[in-house]
Amino acid sequence: MAPPRPPPTEAQLQQSEEWKQKGNVAFRAKNYTEAFASYTEAIALNPLSQTLYSNRSAALLSLGRLPLALNDAKRCVELDPKWAKGYRRKASVLDALKRYREALVVYEEALEVTRSDASLSEETKKKEEVDVKKLMIALNKKLSTVQTLHPDQLFVHRDQMNSPGALVVREAERRMQAGERMGAWPPVGSCFRRLWIAEMQFHNANLHLQGFHTREMPVPGMRESVEVIFGRLQTLEELTTAMIEDIRVGRFDMDGLEKLKLCFALEQQRRNAIGPHLSPQETIAEYARRLSESPSTRQPTHGIDVGGGSTQAIGWDYVRPALQLSIRSCLMNGFMKTVFDAQKIGHEEFRRCVELIELARAQWPDVDGSIRGRTLEETFLRQVRVHLGESLLMRYLREHVNNPNLTAKDRGKLLDELIAVGEWIVNSFENNPHPPEEEQYAPPAGESGWWGVYYTHYSAPLAKAYSFIAFGNLRHGVDIDTIPLDSTETGKRGPIASSPSRLAIATINYAKAAAWMPPDDPERANFLWYAIFSMVQRGGYYLADFEVIRDMAQKCPAFFTPYFPADIIKENHCGKHAAGEVIGTAVGGARDMICSPMVHWPDDVETDMDTLQEVMGPWTREIVHGEGGGLLAVTEVIREVWKERVERWEEKEEYVRAVEVWEDVESELRENWKAVWKENQEEGHQIFMG
């Protein structure tokens with residue numbers, strides 16, 4: 001450990017002051033780059049000056065370098081927690097970052113510091129308080145215009161240079177050129193490794209796609225030539241395999257979309273697959289008939305046969321390629337709608353794909369997987385169900401916004417289907433939690449390849465499954481199963497509360513989803529913020545628990561940048577909005593404070609504080625102590641999942657990275673939670689753990 005730096009000498013302080021004055025002159029002249037440079041020189045000579053960090057933060061703020069400006073503002077507050085101007089500087093940067101609720105809290109802290117500053121006169125205190133309150137009023141106006149966001153999917157770049165997969169591959173190549181062994185990075189179990197593998201698969205498949213073209217060719221016995229498609233068979237299989245691995249690698253330009261049409265046409269010519277004109281039941285029945293069909297009885301599928309194909313094959317050699325094409329073309333059509341068309345959702349295609357696979361598995365349960373094909377494997381079905389679930393989630397949110405006449409029954413039906421998708425995947429994992437053990441050390445991939453299959457086709461779908469169960473229960477709780485809290489004393493109508501049981505289930509399952517996600521996947525942050533939204537809406541949780549989960553969520557970007565943008569989780573995310581509500585009402589609260597639920601008033605009912613005061617106490621007690629209720633313990637749920645992954649499912653600790661995530665939480669918050677959890681266990685309070 002390096003020895004502490006000695007305090008600056010008088011000469012250094014004098015030089016620092018000179019640099020500071022130069023910076024002030026430059027700042028007043030709006031030469032912010034020069035001001036930044038001067039303040040930096042001053043800090044080098046006097047690194048313990050809160051004023052210098054405040055000034056440099058202002059320069060950085062004016063330059064638009066907001067993360068650095070926030071770092072300096074935080075350092076300013078650390079150096080002198082009793083200097084109100086430091087808090088105001090920090091709040092102004094948070095305001096610029098559009099983190100309005102956090103800025104409000106910091107302004108509250110500025111007011112507290114100002115009021116307790118004995119060096120200020122009462123007149124100065126009043127002036128400072130008026131100035132800060134004006135800033136807070138302006139912030140509240142901004143907040144009133146912010147629309148809360150419930151994201152259906154996280155936006156990712158889909159261009160060739162800046163897509164996450166392309167960035168990860170370039171970094172892996174840079175490391176290999178620097179002497180690292182191929183595969184040493186990205187680490188096993190990480191989101192980046194899944195992207196790395198999927199990106200390489202997609203790149204190779206896309207090269208094959210670019211080779212598709214047409215050519216006019218003469219046909220014996222015909223006067224006119226025929227346009228014939230040339231290209232690599234299995235290209236559609238390669239594309240869908242990469243996109244099943246991780247859909248975030250998928251991207252097509254206009255030329256690619258035209259090539260994809262040729263790919264579809266060529267595959268159909270050679271495979272004679274059954275399209276969507278037949279129902280899934282009729283499709284599988286037709287394929288069952290074809291198994292015993294003679295090639296001599298078939299109708300020709302094209303006037304010219306270039307390069308052969310499978311239309312003259314018999315049995316499974318004939319049926320397997322066609323059945324695989326029926327499934328994969330349906331899957332690709334779902335991808336094209338859900339991922340690449342902002343106006344459409346591919347839930348019907350994904351649902352058909354699921355039905356085809358399930359019917360085929362039931363029709364031929366005893367046929368070896370190598371004969372009937374990859375798409376009929378249970379792990380493939382899991383992945384298709386993940387995309388079905390995501391498309392159902394998107395459909396619900398869009399219907400919620402665009403179709404106000406959608407009945408509660410229809411809403412519930414959509415949500416129940418989504419929950420059923422999640423529950424199926426969870427059951428599938430528990431019944432089949434690992435790839436075949438005999439493949440764990442088999443060449444060429446060996447153990448790392450085995451774990452790669454596990455994290456892509458076992459762990460990742462499980463995390464998504466928990467999020468589907470969570471979302472379905474969340475929206476049931478806030479949109480359908482609501483509870484009026486009317487006054488029993490006056491009979492007046494009161495606020496509306498969400499179903500506490502639904503929201504408790506949602507909170508727990510979002511926590512599980514986050515705990516199963518690798519730290520470097522931005523979906524983990526999304527799930528944590530949704531867990532916060534659910535717990536805040538429901539109420540009945542310790543403030544210490546909330547603070548740990550919020551800190552975890554806020555620190556997620558450090559794990560996934562620069563391959564995903566730091567602002568991929570928007571500031572108006574519903575979870576961040578809910579967190580701001582808690583911070584605004586619980587500042588200075590004890591760590592074991594039990595937080596109340598959030599309620600809202602119907603549009604046709606005026607807010608009545610007397611009614612609110614009457615109903616909130618009994619309702620909070622019902623949530624915590626009533627039948628089926630209990631306190632939430634979200635932090636403990638996450639820690640239990642981490643433990644289970646290692647002890648029950650035999651993952652390696654370095655793959656789970658739980659220690660790294662836990663130690664990244666502020667130590668004070670960790671200790672607060674440990675103390676509260678210990679007290680809770682000793683006192684035997686009722687806990688809702690899911």
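Q: Which residues are linked in a network of salt bridges?

A: Side chains of opposite charge can pair when their charged atoms come close. A salt bridge here is a side-chain nitrogen of Lys or Arg within 4 Å of a carboxyl oxygen of Asp or Glu. Glu171, Arg174, Arg175 and Glu180 form such a network. The model is predicted, so local features need pLDDT of at least 70 and side-chain atom pairs pLDDT 80 or more, while totals for chains, interfaces and linings use all residues. Residues are numbered from 1 along each chain as its sequence is written, and side-chain values use heavy atoms, without hydrogens and water.

Q: Which parts of the chain does the salt bridge between Lys492 and Asp608 link?

A: The closest N and O atoms of Lys492 and Asp608 are 3.1 Å apart.

Q: Is Asp608 buried or exposed?

A: Asp608 is buried at 16% relative accessibility, whereas Lys492 is partly exposed at 45%. Buried means under 20% relative accessible area, exposed over 50%, and partly exposed in between (1.4 Å probe, protein chains only).

Q: Which residues of α4 are buried?

A: An α-helix has 3.6 residues a turn, so residues three or four places apart point the same way. In α4, the buried residues are Leu66, Ala69, Leu70, Asp72, Ala73, Cys76 and Val77. The face turned away from the buried side of α4 carries the exposed Pro67 and Glu78.

Methods:
Helix = DSSP H or I, 4+ residues; strand = E, 2+ residues; numbered from the N terminus.
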